[in-house]
Structures are given as C-alpha cells and as structure tokens.
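Open the model in a viewer and keep the selection panel at hand. The tour below goes from one selection to the next.

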Amino acid sequence: MSNKPQNVKGMRDHLPQAMLLRQYIISTLTGVFERYGFEPLSTPVVEHAETLEGKLGEDEKLIYRFEDHGGRRLALRYDQTVPLARVVAQYGGELAPRMPWRRYAIGQSYRGERNQKGRYREFWQADVDIVGSASPLADAEIVAVLTDGLSALGFPEFTTMLNHRQVIGGIARVSGLDEGAAGGVYRAIDKLDKIGPDGVRQALLDFGVSAEAAGRILSLVLLEGSAEGVLKELSGQLATDERALAALDNLRAIITALGELGVPASRYTVAPRLARGLSYYTGLVFEAITPIWPEGAILGGGRYDELIGLFSGKAVPTVGLAFGIDRLHDVMEALNLGPRPATTAHVFVSIFGEAQLAESLQLARELRAAGVNVVTSLEVGNVGKQFKEADRKGVPLVLVLGPDDVARGEVVIKELASGNQRSIARSAVVQELMK
RNA sequence: GUGCCCGUAGCUCAAUGGCAGAGCACUUGAUUGUGGAUCAAGGGGUUGUGGGUUCGAAACCCAUCGGGCACCCCA
C-alpha cells in the first residue's frame with residue numbers, strides 16, 4: 001500500500017479508452033431523454049443518513065455511512081431515486097409549474113457490496129423519472145425511453161419484461177399466502193431463470209408453502225407467450241383477487257399506450273415471475289435483459305407512488321427507470337458497439353522547425369476556432385518522430401507545413417490509416433477539415 | 001456480509017525453496033521532409049504491502065490492500 005497506490009475496493013478508475021465510450025453512452029442517452037422533454041437534475045452524492053434510511057428495506061445495510069467533522073450523520077446516495085424524492089419535497093413550490101415533471105439525472109451512486117463483474121461499489125446510473133402522474137401513459141413513456149435508449153446505443157437484441165406488483169401480490173394471495181410471507185416468496189420466484197422451476201418449487205416448500213400452493217404459484221409464474229395471452233390467462237387465474245384484476249387492467253392500458261408510442265411488441269413480454277428487490281415499487285415493474293449479459297438486468301425500474309410522499313406528506317405518483325452505465329459499457333465493449341475513437345484529437349499538426357513554429361500554431365488555432373479537435377507537436381523538428389507520436393496516439397490525420405509547402409502556400413495532409421497524402425492550398429485547409 | 005481462487009516489468013505470462021525471465025509494448029539508432037514492416041541497442045522490478053518461518057522466500061505461514069467467481073442482492 002505504501003509504495004504502490006491502489007484504488008479503494010469496488011471503486012474504479014476509468015482511463016481514456018473507457019471514458020470515451022462512457023461519454024458516448026451518456027451523451028447518447030441524454031439526447032434520447034431530452035427528445036422526450038426530460039430535464040436535467042443534479043444532486044450531491046452525499047445526503048443526510050436519515051434521508052436514505054427507512055426507504056430501502058433490507059438493502060439499508062449496503063448504505064455507506066460516515067460522520068463529518070461536525071458530527072453529522074451522512075451517507076453516500078444508494079441510488080438517484082431517494083434524492084429525487086428529497087428534492088421534490090424540498091422544492092415543491094418551485095417545481096410545481098413543471099409537474100408532471102420529467103427529469104433525468106446521471107451520476108454515481110454507492111453500495112457497499114462485494115464487487116463482481118457488472119457490480120461495483122461506485123457505479124453510474126442514468127435515472128429517468130416522471131414525477132406527479134399516475135397515468136399509464138407515463139409508465140408507457142418510460143418504457144418507450146428505455147427502448148429508444150437501447151436502440152440508440154445500437155443494441156441489437158433486448159427484451160423488456162413487464163410485471164405489476166399487485167399481480168405478484170395476487171398470485172401470493174390466491175395461493176393462500178399472507179402478505180408477510182410474500183417477500184421470501186417473491187425472492188424465490190425472481191430466481192426462476194437461475195435455479196429453474198424445480199429449484200423454485202423447493203425454495204417455496206422451504207418457506208413453508210404447501211405443495212398445492214407451490215404448484216399453483218409455479219404454474220402462474222411460468223406463464224409466457226404473447227403479452228395478450230399471458231394477461232388473459234392471468235385474468236382467469238386471478239379472477240377472485242380485485243387488486244390483481246385492477247393491476248392487469250393497468251398493464252393492459254400501459255401496453256396499449258406502448259403500441260401508440262411505437263414500441264414494437266417484439267420488444268417486451270409480460271413476465272409474472274419478475275419480482276425486483278427494491279421495496280418501494282407499488283405498480284408496474286420491469287427489467288431489460290439481453291442474451292449476452294446473463295449476469296443480470298442492464299436496467300430496471302417501475303412505479304413507486306408512495307416513496308416521494310414519505311418526505312412531502314402527500315402522495316406523488318412517480319414512475320422511473322435506471323440505466324446501469326457500467327453494465328451498458330461492459331456489454332457494448334463485449335459486442336463491439338458504439339464508436340471507438342482512440343483519442344479526442346482528429347488532427348495532429350506537426351512542427352517542422354523553428355521557422356515554421358508560428359505558422360503551424362496559427363493553423364492549429366484557426367482549426368480549433370472552426371471546431372476541429374487539434375493536437376500540436378510539443379517538439380520542434382524531427383518530423384518522423386512526430387508522425388510516430390500521432391500514430392501511437394491514434395490521431396487520424398497529420399498536417400505538415402515544411403519550408404517547401406509554406407513557400408508554395410500549401411499544407412500536406414496525411415491520413416495515417418491509409419497512408420494517403422495530398423497537398424492542398426493553405427487557404428483551403430480549414431474548410432477541408434471541417435467536413 | 002459469507003465462502004473459494006488470484007496478485008511477478010506498462011500488458012500477457014514463466015520461474016515451486018537456491019542468480020527474477022520471455023513475448024508484446026516503450027525509448028534510441030539504422031532514416032536531418034513522413035508513422036506502421038525489418039534489424040540493432042537500451043531503459044524498465046523492494047515479485048501489491050507489512051510481518052513471520054528458513055542458511056536462503058516470488059514460492060511456505062499470518063495479516064492487510066486490491067482483483068475474480070459463487071452465494072446474497074442488484075444497475
């Protein structure tokens with residue numbers, strides 16, 4: 001530790017190669033969010049510990065807590081959702097004209113888990129929420145943003161699994177379970193993809209669920225196929241449970257709106273097995289999955305109509321989702337998606353010799369003023385070495401202003417990848433490179 | 001948070017108790033108007049860190065920091 005510095009466990013450095021892709025992801029998603037009229041919000045990563053406490057259920061043990069110099073009990077934010085709730089309560093009047101408020105927030109959150117691939121103690125999320133609307137249109141719009149976002153990033157294959165908290169609740173109730181037992185049952189169900197139907201059956205029996213009830217739960221949870229078909233089957237099976245029927249109506253309305261928003265039916269399924277851990281969800285829940293990332297969801301979200309009311313005292317219906325930037329990055333890396341520039345500079349301006357120094361820097365200035373990313377040599381002379389530097393750094397173009405070129409009023413532009421070079425008029429260079 | 005595996009040059013790895021090495025990368029030169037290929041030379045290490053065992057430790061033991069995997073949970 002003393003000689004070789006190391007990062008803090010689970011907290012990662014992002015070197016330029018990684019950052020270029022991460023910034024692409026962030027700017028692409030930002031573009032999608034703003035096309036839907038979402039507005040940016042930024043809050044500190046540090047909150048009062050009590051702001052985060054009492055919102056997350058068992059996950060609270062993962063919160064980073066500490067005391068500051070003044071003895072205040074503080075915590076690093078666990079997600080962007082609870083801070084959003086705080087902001088809505090704190091600035092209610094100021095935000096009122098924006099309601100229903102579409103807001104996005106991109107930044108890091110912290111969870112004290114043991115890290116694994118795709119799971120870090122500091123991680124970035126792009127969080128998108130619609131605050132102050134209970135309309136199924138809002139739920140559908142969030143799913144549409146999800147679909148557009150992944151499409152804009154170039155994901156070829158992904159599916160969003162949709163479910164509703166009261167469908168899961170209904171399954172538990174018609175199987176004769178009380179609400180108290182439901183939590184463990186949801187967790188068992190959520191593992192279906194990992195442990196298989198028999199594993200879930202065993203887990204249910206271990207929870208004390210009767211064999212008959214376990215069989216019934218399994219048959220419901222295993223339903224799949226077209227969204228329409230699954231909804232119809234669930235309606236029959238859950239006919240005695242009013243809340244579940246209302247939930248199914250809600251899902252139908254959301255799916256109808258999805259169609260109107262242009263989300264193709266191939267992009268989503270109704271999946272009764274989807275539970276999701278966060279305790280604050282009250283309605284729609286969803287997760288996007290992609291076949292090449294079996295480790296888990298690359299994003300997830302849902303409706304949480306009560307969380308924001310915990311601070312403000314009145315219910316503020318809200319639906320939202322979080323893109324996991326780190327997982328998106330890992331998947332895109334694996335699939336070779338997105339642009340892969342080696343560096344930010346597009347043009348390397350070499351400096352032939354002392355006599356050409358001013359002339360070369362002047363050209364660089366003009367290019368920058370025109371919006372071209374330019375790096376200049378910091379060494380004067382030895383053009384061969386300068387070419388080597390440009391090549392090593394991955395800058396695509398090298399400009400040479402040698403004595404002969406300057407005398408002719410020309411500049412040599414060489415494209416390193418192809419090796420092609422040509423000489424063009426000095427006066428035309430800026431125009432040429434702006435293309 | 002629990003369990004298991006791992007940490008040697010910038011990177012990938014070798015050396016299993018007895019001289020710390022290779023490939024790639026990097027620097028310089030062959031090449032004073034042009035990178036990549038080739039050839040030659042060179043720099044680079046307290047073997048993550050601290051302690052212990054031993055005549056002798058990269059190797060064995062303990063602790064610690066970091067990485068990976070499975071639980072758990074999730075983005």
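A nonpolar core is a set of buried Ala, Val, Leu, Ile, Met, Phe, Trp, Tyr and Cys residues joined through side-chain atoms within 4.5 Å. The model is predicted.

Select Leu150, Phe155 and Phe323 to begin. In the largest nonpolar core, which has 72 residues, these three touch the most other members. Then select Leu62, Tyr78, Met161 and Tyr280, which are among the 25 residues of a second, separate core.

Next, show residues 16-35, which form helix 1, and residues 136-152, which form helix 5. Their axes come within 9 Å and cross at roughly 140°. Helix 1 is therefore oblique to helix 5, since an angle has to be over 145 degrees to count as roughly antiparallel. The crossing of the two helices is right-handed.

To see the contact itself, display the side chains on both helices. Helix 1 contributes Tyr24, Thr28, Leu29, Val32 and Phe33, and helix 5 contributes Val145, Asp148, Gly149 and Ala152. By type, the residues of this contact are six nonpolar, two polar and one charged.

Now move to residues 49-52, which make up helix 2, and pick Glu50 there. Is Glu50 buried or exposed? Glu50 counts as exposed because its relative accessibility is 59%, and the cut-off for exposed is over 50%. With neighbours within four places in sequence left aside, Glu50 is in contact with Lys55 and Arg73.

Technical notes
Residues numbered from 1 in each chain as written. Chains lettered and ligands numbered in written order. Predicted model: local features only at pLDDT ≥ 70, side-chain atom pairs only at ≥ 80, totals over all residues. Heavy atoms only, no water. Axes fitted to C-alpha atoms, helices over the stretch in contact; angles between N-to-C directions. Helix = DSSP H or I, 4+ residues; strand = E, 2+ residues; numbered from the N terminus. Parallel < 35°, antiparallel > 145°, perpendicular 65-115°, else oblique. Left-handed = near helix turned anticlockwise from the far one by under 90°. Contact = heavy atoms within 4.5 Å. Nonpolar A, V, L, I, M, F, W, Y, C, P; charged D, E, K, R; others polar. Buried < 20%, exposed > 50% of the residue type's maximum accessible area, 1.4 Å probe, protein only.
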